[in-house]
Amino acid sequence: MDDLLREFLTESSEHLDTVDTELVRFEQDPNNQQILRNIFRLVHTIKGTCGFLGLPRLEALAHAAETLMGRFRDGLPATAASVTLILSTLDRLKAILADLEATGTEPAGSDEDLIGALDKMSEGTVEAAPAPAPVAPPPLPDPVVRELKPGEVSLDDLEAAFLAAPGPDEFAPEPVLAEPAFAKPAVAPPAVAERPAAPAPAPEPAPPVAAPAKAATPEAPAAEGEAAVSKVQTIRVNVDTLEHLMTMVSELVLTRNQLLEIARRHDDTSYKVPLQRLSHVTAELQEGVMKTRMQPIGNAWQKLPRVVRDLSSELGKQIDLVMQGAETELDRQVLEVIKDPLTHMVRNSADHGIEGAAERKAAGKPARGTIRLAAYHEGGTITIEISDDGKGLDLSAIRRKAVERGVASQADIEKMTDAQVAKFIFHAGFSTAKAVTSVSGRGVGMDVVKTNIETIGGVIDINTQLGRGTTFTIKIPLTLAIVAALIVKAGENRFAVPQVAVLELVRVDKSTGQRVERINGSPVLRLRERLLPIVTLTGLLGQSDGAEVDTGFVVVAQVGRQRFGILVDEVFHTEEIVVKPMSSKLRHIPLFAGNTILGDGAVVLIVDPNGVARQVSQSAQAGSIPVESEVEETEAGDAKATLLVFKGGNSTFKAVPLSLVTRLEEIDASKVEWLGGRPLIQYRGRLMPLVPADEAITIRSEGTQALVVFSDGERAMGLVVDEIVDIVEERLDIEITAERSDLIGSAVLRGRATDIINIAHFLPLAYDDWARGPKKAEKRGSTLLLVDDSAFFRDMLTPVLKAAGYAVVSVESAEQALAALQANARIDVVVTDLEMPGRSGFDLVAAMRGADQRLAGLPVIALTGSVGADAVERARSLAISDLVAKFDRSGLIAALAEVDAVTLAQAA
Amino acid sequence: MMQAANTNADAGATTEFVTVFVGETMFGLAINRVHDVFIPAGVTPVPLSPPEIVGLLNLRGRVVTALCLRRRLGLPPAETEGNKMAIGLEQGGETFALVVDGVGEVLKLGADTHESVPINLDARWRDLALGVHRLDGRLLVILDVDALLAFGGERRGSVAA
């Protein structure tokens with residue numbers, strides 16, 4: 001195949017893709033002359049080039065399509081049928097081009113069907129059109145020679161007419177590049193609009209047609225287009241050339257690093273300056289070459305408007321595709337990998353996500369569904385979101401299916417959070433679609449999507465709400481070739497940790513404040529009032545000799561929502577490293593993402609944060625859940641809670657929500673003092689009362705004594721326990737059978753029956769007035785309505801709220817809440833959970849706002865698992881005073897105080 | 001030459017082998033597969049890797065996977081840590097370094113001294129050997145480079161994970 005043809009193929013397929021997109025836009029915005037002109041011009045270019053290259057079949061088709069588009073330009077209304085016809089013509093063109101690419105010759109075949117339909121369509125209301133362009137044939141030379149079907153007399157005339165209109169002006173500067181943006185700006189749009197197909201005699205009809213094709217070839221660099229030379233600002237470069245350049249730059253970076261390393265060791269200043277210069281130039285060169293590899297993500301989206309349009313008509317749904325951030329750039333290698341997954345996910349959204357118009361109306365949603373694609377940069381990664389406002393994932397169906405397919409047992413399924421359940425759609429062969437459609441539902445795809453994304457070091461997350469829609473969030477690295485990495489040492493070896501995943505570094509030392517503590521052997525670190533699970537790199541790599549290492553650095557890393565610390569011995573510096581793929585013999589090791597050569601010539605392994613994260617969560621879930629699951633943050637699932645498990649009395653297991661715990665202490669038992677028969681210790685300059693967690697516990701008199709410290713403002717209490725066992729994060733299923741006031745109930749945690757203690761019982765034992773609340777005197781006796789479907793949270797929050805001085809009425813559903821509000825006129829403030837089965841918190845507030853004046857004006861504080869922008873928006877529209885994260889006790893108290901202040905101010 | 005009759009038939013067909021040593025045993029590698037002979041230095045061990053793999057090393061700017069012929073053959077570790085040598089091999093666009101105890105001369109051998117692999121050889125060796133050459137006073141085991149490099153990978157991975 002000659003170069004000319006190859007050029008033509010590349011260019012034409014790009015043009016066709018653009019036309020695809022533009023046509024869909026045009027259909028929605030039929031009055032936009034700009035779009036139409038663009039389409040027209042592109043098709044015209046294709047037609048012209050075909051004629052030049054002697055490809056009659058393509059040319060005839062392009063011509064017929066162009067004719068119809070010319071009619072649009074003349075004012076023929078663009079109907080869905082006509083756009084569909086043109087789209088299918090484009091498909092035919094693509095098919096022929098594909099054949100052409102494969103065989104080098106135009107395939108035999110007839111396009112009479114399409115051409116006939118196109119002609120019919122263009123002739124349809126032609127007569128009504130104000131400017132019947134083709135009927136005024138000025139004598140012209142045949143611009144192109146080709147076979148035409150009989151009876152197509154007016155084609156040449158048409159041709160001439162179209163050439164005369166926008167053609168020559170736009171074509172001359174355009175030849176070498178594909179981007180429509182380079183169309184000569186001098187073209188005056190209004191002029192074209194006014195005389196759309198004025199049959200003015202074209203000055204030089206033939207050259208413009210030929211020009212693009214000729215100029216596009218290297219042999220004939222704009223022979224006839226003098227103007228073209230000065231306007232050419234882009235050239236086509238073979239991808240291989242770029243790749244080679246990239247490899248060379250990578251090598252250069254390596255060599256520079258080596259030189260820098262040598263310079264670091266020698267004190268000869270004479271070559272420091274040139275070396276610095278070299279360093280700068282290399283950096284710039286690297287950046288420049290990286291830029292050539294960058295492409296806007298819009299390139300991967302180009303086909304989507306068409307896909308969605310076709311799906312809408314096929315499925316009989318009305319779907320809008322909104323694309324944001326199409327200009328966001330990323331490495332073309334990455335782009336290639338995510339292209340297909342994105343298309344697949346959009347198809348999925350259209351097929352499974354968006355409901356039919358009738359169903360949507362019934363659900364109170366606008367008839368047109370929306371699929372939103374958004375891309376933006378975030379640190380060294382690019383985030384892509386695909387969201388739809390459809391019906392969301394049917395989690396109960398997924399649960400059923402998972403059990404049916406034996407992916408997980410019934411018991412496990414019940415323990416899982418919604419987020420975990422949603423992840424099942426990434427399992428191979430998993431589809432809950434009721435019917436297999438031609439679009440999707442065959443259960444292939446999402447697993448491939450996930451695999452594809454993970455191979456490029458990306459992560460994918462799902463957020464779904466039944467009836468509201470689904471959002472997929474994909475985070476991928478911008479580039480795969482060169483990354484900034486932290487060089488660390490663990491054991492005998494150095495490793496590189498990609499900087500992207502690193503949040504911060506914490507130095508740990510037994511003697512300083514930051515030290516690694518152990519809960520049942522698992523190391524944890526207190527980091528700003530939170531416990532961070534720690535893994536040692538040597539431990540992960542199976543090199544640990546079992547000794548407990550406590551000094552070194554903790555690399556705090558975050559992957560998705562999971563945050564963890566990697567304990568290493570030393571941290572050296574940050575270096576730009578060139579990622580080299582792992583050998584095929586080593587690729588199976590999940591902990592490594594590749595290897596690199598450092599400045600000193602040594603090979604180091606690149607730690608894959610994703611792999612580490614998986615190991616962390618696996619060890620955290622050891623044995624309990626056989627499927628992949630992540631340690632979600634506490635706020636994420638409303639039924640999932642992080643609990644501190646301890647042994648208290650007769651070796652029974654007890655647990656308390658970790659969110660209530662201020663800190664864990666091991667004190668020297670001899671420090672315990674007894675005052676008036678009550679045990680106390682001096683703790684942070686104050687006396688802290690100690691309360692045994694169970695009657696069976698005796699406070700030790702020697703050795704160390706484990707304490708769980710709870711505090712509230714100035715006060716602190718130490719709960720005496722035998723031993724702190726573990727921190728577990730599980731979906732709680734509490735059986736509230738306990739008749740003892742010190743227990744809320746019992747639950748199965750990690751397969752062990754565990755009592756959940758009721759902190760409200762212990763606080764008054766430490767301070768007689770705690771339950772009544774020290775601040776009570778200042779407060780008028782406000783009554784608060786607490787609405788939460790979970791008994792556990794009601795029981796957990798009630799003492800907290802009581803302590804803050806409120807009389808608490810608690811109910812478990814929106815219905816009960818409304819009844820209580822009607823019945824009890826003394827309720828001053830409502831605290832409600834937003835996520836409840838049946839009527840949600842929002843529904844409740846909406847009902848209140850629509851009720852009588854008293855309820856409509858009542859302040860409401862909403863508790864939510866996740867604070868999203870839309871939730872905030874909705875809360876604002878419902879005049880909800882504050883949105884508080886579900887476990888944020890102090891936040892809740894602060895919000896209540898604010899509400900009180902406002903109410904008082906209004907009263908005054 | 002006891003089998004002089006055979007020699008005539010294959011007189012012209014000689015193959016060159018690079019000889020390497022593991023302990024006292026001499027092995028031969030087809031010379032067209034050998035890209036390099038070098039002293040391995042600065043080997044970075046790879047945790048969790050298959051046991052045959054010694055680690056990764058930098059060979060003139062390329063990252064090379066080093067594997068130990070001794071371990072590949074299932075032999076016990078050497079008693080004395082002498083100076084090791086490495087043979088650069090390529091397969092499927094990747095470079096490997098075969099770490100051996102020593103490298104000998106290049107031998108040009110005809111088919112006359114070639115024998116098939118004795119059937120009583122250890123199964124592991126049988127899989128790796130292409131044949132044996134009878135030399136004066138010693139035997140040369142010809143190794144199959146592709147078989148040498150066919151190990152590890154996914155199968156082990158599933159166990160490790």
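# Briefing on a predicted two-chain model

At 1.5 Å a residue, helix α14 (residues 304-315) of chain A, with its twelve residues, should span 16 Å, and its end C-alpha atoms do lie 16 Å apart, so expectation and model agree. The expected span is 1.5 Å times one less than the number of residues in the helix. Helices (H or I, at least four residues) and strands (E, at least two) are DSSP runs, numbered from the N terminus.

This is a predicted model, in which local features need pLDDT of at least 70 and side-chain atom pairs count only at pLDDT 80 or more, while totals for chains, interfaces and linings use all residues. Residues are numbered from 1 along each chain as its sequence is written, and chains are lettered from A and ligands numbered from 1 in the order in which they are written.

- The buried residues of α14(A) are Leu304(A), Pro305(A), Val307(A), Val308(A), Arg309(A) and Leu311(A).
- A residue is buried if 20 or more other C-beta atoms lie within 10 Å of its own, exposed if 12 or fewer, and partly exposed in between, with C-beta atoms placed from the backbone.
- The cover over these buried residues includes α1 (3-28), α13 (298-301), β2 (319-324), α15 (332-353) and β4 (369-378) of chain A.

**Contact between the chains**

- On chain A, 22 residues are in contact with 22 residues of chain B; two residues are in contact if their C-beta atoms, placed from the backbone, lie within 7 Å.
- On the side of chain A that touches chain B, at least two residues each come from α11 (239-265), β17 (592-597) and β18 (603-607) of chain A.
- The element that gives the most to this side of chain A is β18(A), with three residues.
- The residues of the side of chain A that touches chain B comprise eleven nonpolar, eight polar and three charged.
- In this division, Ala, Val, Leu, Ile, Met, Phe, Trp, Tyr, Cys and Pro count as nonpolar, Asp, Glu, Lys and Arg as charged, and the others, Gly among them, as polar.

**Nonpolar cores**

- A nonpolar core is a set of buried Ala, Val, Leu, Ile, Met, Phe, Trp, Tyr and Cys residues joined through C-beta atoms within 7 Å.
- The largest nonpolar core has 127 residues, and those with the most contacts inside it are Val497(A), Val555(A), Ala66(B), Leu98(B) and Val99(B).
- To this core α15(A) gives the most, with seven residues.
- Leu98(B) touches Leu67(B), Leu69(B), Ala86(B), Ile87(B), Leu89(B) and Leu148(B), leaving aside residues up to four places away in sequence.

**A parallel sheet in chain A**

- Five strands form an open sheet in the order β31-β30-β32-β33-β34 (chain A), with parallel pairing; two strands pair if DSSP finds at least two bridges between them.
- Its edge strands are β31 (807-811) and β34 (882-885) of chain A, each of which pairs on one side only.
- On average, neighbouring strands of this sheet are turned by 25° against each other, direction ignored.
- Strands β32 (residues 827-833) and β33 (residues 860-864) of chain A run parallel and are joined by four bridges, and Thr832(A) stands opposite Ala862(A) in β33(A).
- Helix α26 (residues 841-849) of chain A packs on the sheet, touching β30 (783-787), β32 and β33 of chain A, and its direction makes about 150° with that of β32(A).
- For these angles, axes are lines fitted to C-alpha atoms, for helices over the stretch in contact, and angles run from 0 to 180 degrees between N-to-C directions.
- In the loop between α28 (869-877) and β34 of chain A is Ala879(A), which has a positive phi of about 55° although it is not a glycine.
- Ala879(A) counts as partly exposed because it has 14 C-beta neighbours inside 10 Å.

**Features of chain B**

- Chain B has five helices and eleven strands, and 32% of its 161 residues count as buried.
- Strands β9 (residues 114-115) and β10 (residues 129-135) of chain B run antiparallel and are joined by two bridges, with Glu115(B) partnered by Val132(B) in β10(B).
- Six bridges pair β10(B) with strand β11 (residues 138-143) of chain B in the antiparallel sense; the bridge partner of Ala129(B) in β11(B) is Leu143(B).
- The hairpin of β10(B) and β11(B) has two residues between the strands, and Gly137(B) there takes a positive phi near 80°.
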